[in-house]
There are 2 protein chains.
Amino acid sequence: MTSTEPGLRPTKQRLAVAAAMSSFEDFRSAQDIHELLAHRGDPVGLATVYRTLQRMVDAGEVDLLRTEDGEAIYRRCSDTHHHHLVCRDCGATVEVEGPAVERWTRAIAGEHGYGDVSHTLEIFGTCPSCR
Amino acid sequence: MTSTEPGLRPTKQRLAVAAAMSSFEDFRSAQDIHELLAHRGDPVGLATVYRTLQRMVDAGEVDLLRTEDGEAIYRRCSDTHHHHLVCRDCGATVEVEGPAVERWTRAIAGEHGYGDVSHTLEIFGTCPSCR
DNA sequence: ACAGAGTTGACAACCGTTCTCAACTAGCCT
DNA sequence: AGGCTAGTTGAGAACGGTTGTCAACTCTGT
């Protein structure tokens, strides 16, 4: 067993996607990232962008969320688990942590005999400047 | 102002969809519901199923969720606000209530000046019979 | 340099969802 | 009843995001 997956190459494209992911803080769709790369002068095929993002999600390097209409959006994973408070008018996002929620979900799941628990929690509201 | 929306007709199709929604407890996709109606002998066009479900969601009669791969699934709404504990293998669903979470989200949002707060919370795990 | 596994990208295929539009109804007015 | 009209339906096309295909390409170790 090697330290990295065997036969996984750090190609130009993968590096470009990784670099792009570090260049913004918010969630972007795969197509946004594809365009961003093209404008930057590092064009990467759309299929490759999807493949690479998928891998990064599997590796836990990137967070995957779904918009309300089912589109996948990606974002560099910060090291701590957290949730988002999103303004439903302007989209402004605040990261929030909720140890209480983490505990609560695990407890509830345990009560019903569910294991291997994960959860998704997003809070929507109207931000101060949109009220 | 009338008691019901003006110009909204209780057609055969709408009644059939409403009846179908009362006939199961778990979440189903629009296409599942479309098939269910066909097998029942009340065939309703797929587009109509989508339209009707959309309306019911808007009216708050039906809950809309997204599966992990972005597909929309629908379910008759019970009157109390609650969340779902879903088995990621077999799909078994348990309704859970979390006054603590409700309070927490409102508090967090308030701290950041956000108003008119709503939230989505889904818990995923492996149910006892799938472990 | 060579071999061979891994990777890429243009494009087609897929699949859930929405749109289009002519035919059809339900409800209302006379 | 008959007719008018806004609302509704359904078959199929269109759409948009995502995944599959496959021949050409590129690392990496030998």
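Predicted model: local features only at pLDDT ≥ 70, side-chain atom pairs only at ≥ 80, totals over all residues.
Residues are numbered from 1 along each chain as its sequence is written, chains are lettered from A and ligands numbered from 1 in the order in which they are written, and side-chain values use heavy atoms, with hydrogens and water left out.

Let's start where the chains meet. Chain A puts 37 residues into the contact and chain B puts in 37 residues, where contact means heavy atoms within 4.5 Å. The size of an interface is often given as the accessible area lost when the parts come together. Here chain A and chain B bury about 3000 Å² between them, 63% of it on carbon and sulfur atoms; buried area is the accessible area (1.4 Å probe) that two parts lose on being put together, summed over both.

What holds for charge pairing across this interface? The rule finds 0 salt bridges between chain A and chain B, a salt bridge being a side-chain nitrogen of Lys or Arg within 4 Å of a carboxyl oxygen of Asp or Glu.

On the side of chain A that touches chain B, the elements giving two or more residues are β4 (83–87), β5 (93–96), α4 (99–111) and β6 (115–126). Those labels are DSSP runs numbered from the N terminus: helices are H or I with at least four residues, strands are E with at least two. The largest share of that side, 12 residues, comes from β6(A). Sorted by type, the residues on this side of chain A are 17 nonpolar, 12 polar and 8 charged. For that count, Ala, Val, Leu, Ile, Met, Phe, Trp, Tyr, Cys and Pro are nonpolar, Asp, Glu, Lys and Arg are charged, and the others, Gly among them, are polar.

As one spot to look at, A:Phe124 stands opposite B:Ser118 in β6(B).

Now step into chain A and find A:His84, which sits in strand β4. A:His84 is buried, at a relative accessible area of 4% (buried is under 20%, exposed over 50%, partly exposed in between, with a 1.4 Å probe and protein chains only). Its side chain makes a polar contact with the side chain of A:His82 at 3.5 Å. Leaving out residues up to four places away in sequence, A:His84 touches residues including A:Phe27, A:Leu65, A:Arg75, A:Glu95 and A:Leu121.

One of those neighbours, A:Arg75, makes a salt bridge with A:Glu95, with N to O at 1.9 Å. A:Arg75 lies in β3 and A:Glu95 in β5 of chain A, so the pair ties together parts that are 20 residues apart in sequence. A:Arg75 is buried at 7% relative accessibility, whereas A:Glu95 is partly exposed at 36%.

Strand β3(A) (residues 72–76) is largely enclosed by the rest of the structure, because 4 of its 5 residues are buried. It pairs antiparallel with β1(A) (residues 28–29) over 2 bridges, and A:Ser29 stands opposite A:Ile73 there. Antiparallel to β3(A) there is also β2(A) (residues 62–66), joined by 5 bridges. The hairpin of β2(A) and β3(A) has 5 residues between the strands, and A:Gly70 in the turn has a positive phi of about 85 degrees.

In chain B, 3 strands form an open antiparallel sheet in the order β1-β3-β2. Its edge strands are β1 (28–29) and β2 (62–66), each pairing on one side only.

Last, the charged pairs: the count comes to 6 salt bridges over all chains. Among them, A:Arg28 meets A:Asp26 at 3.4 Å, N to O, and B:Asp26 pairs with B:Arg28, the closest N and O atoms being 3.4 Å apart.

Definitions and conventions. Pairing = 2+ DSSP bridges. Polar contact = N/O pair within 3.5 Å; in protein donor to acceptor, adjacent residues only side chain to side chain.
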